[in-house]
Amino acid sequence: MDKIGLLEEILKKLNISLNEDQKQKFSDYYSLLLEKNKVMNLTRITDEEEFIIKHFADSLMISKVIEMEKIESLIDVGTGAGFPGIPIKIIYPNIKVTLLDSLDKRVGFLKEVIEKLELEDIEAVHGRAEDLGQDDNYREKYDLCVSRAVADLSVLSEYCIPFVKENGEFVSYKAEGSDKEIYAARNAIETLGAGLNSICTEKIPNTDINRQFAIIKKILKTDPKYPRKAGKPSKKPLK
C-alpha cells in the first residue's frame, strides 16, 4: 500500500474521506518536508509508514474530540514542521489557520508549503507565543488553539490560552499517561481564565498508538498580565 492509501484507510475510520486534491496535497507536503529535512531538522521520522501515522494521522485525531466543522479560526502554537495545523487545514479548508513558530527557518519552510500546496486563509508567523499573546491582532482571536509542542501543560497553557476567545478551546496533544501532568496544571489553567474540560485518550486506527488530549475550555478573558514576558513561563511556571 502506498503512503496515501495508508492515510486514506486510517482516515476512513475517523469518518474522514479524502478527495483527489487533498490526496495530492498530502503527497506534495510529504515530499517537500522530506526534501527540506536533508538540510534542516524538521522531523526525525523519515520512514514512510511511521511518518503517515505519527504526523498526518496523529494530527487529525483531534476530529475525535472536537467538532471541527464548527471551528472557524485556529492557531497552532509551536507548529514546527506544520503539525497539526497543515493537515487540519487540508482536511478542513474553511478554517482560517495561523501557524506560529519561534524559529525563522521553519516559518520560511511553512510559507513554502503554503505556496506550493496553494492553501488559502492560512499564515505562518515567526514569533514567540509570549509576545504574540499580548498582540491585539492575535490575543483572544481564535475559536481553537492546538499544540503538539513538548512542554509541561502549565507552561503550554500560558502560551496558548491567551489566544483563545471566551467559550473557545485549547487542545493540547499529550502522550498517553499524562494524567498527572494534566491534573497538576489545573490551577495554572484556572489562573488564565479557563478550565480543564476533559482528558480523552484515542487510539490511532490500524495502530496500537494512543494519543491523549487535554481539552481546556476558555471561560473568562485572560488577565492582561498573562502571558508574562518571554522566558518567564518556562522558568517560573504558574502553580
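This is a predicted model: local features need pLDDT of at least 70, side-chain atom pairs count only at pLDDT 80 or more; totals for chains, interfaces and linings use all residues.

Tutor: Residues are numbered from 1 along each chain as its sequence is written, and side-chain values use heavy atoms, with hydrogens and water left out.

Student: What makes helix 1 (residues 3-12) largely enclosed?

Tutor: Buried means under 20% relative accessible area, with exposed over 50% and partly exposed in between (1.4 Å probe, protein chains only). Seven of the ten residues of helix 1 are buried, so this helix is largely enclosed by the rest of the structure. The buried ones are Lys-3, Ile-4, Gly-5, Leu-6, Leu-7, Ile-10 and Leu-11. Their cover includes helix 2 (20-37), helix 3 (48-59) and helix 4 (85-91). Helices (H or I, at least four residues) and strands (E, at least two) are DSSP runs, numbered from the N terminus.

Student: Why is strand 4 (residues 142-147) described as enclosed?

Tutor: Six of its six residues are buried, so strand 4 is largely enclosed by the rest of the structure.

Student: How do you know which strands pair with strand 4?

Tutor: Two strands pair if DSSP finds at least two bridges between them. Strand 1 (residues 73-77) is joined to strand 4 by three bridges, in parallel, and Asp-76 stands opposite Val-146. Strand 5 (residues 164-175) is joined to strand 4 by five bridges, also parallel; there Tyr-142 has Val-164 as its bridge partner.

Student: What is the handedness of the unit made by strand 4, helix 7 (residues 153-160) and strand 5?

Tutor: That β-α-β unit is right-handed: with the strands pointing away from the viewer, the path from the first strand over the helix to the second runs clockwise.

Student: What makes a set of residues a nonpolar core?

Tutor: The members are buried Ala, Val, Leu, Ile, Met, Phe, Trp, Tyr and Cys residues joined through side-chain atoms within 4.5 Å. The largest such core has 55 residues, and Tyr-29, Ile-62, Met-68 and Ile-86 have the most contacts inside it. A second, separate core of 28 residues includes Ala-129, Cys-160, Ile-189 and Tyr-226.

Student: Which residues does Ile-62 touch, not counting those up to four places away in sequence?

Tutor: With contact meaning heavy atoms within 4.5 Å, Ile-62 touches Met-68, Ile-88, Leu-144, Val-146, Val-171, Tyr-173 and Phe-213.
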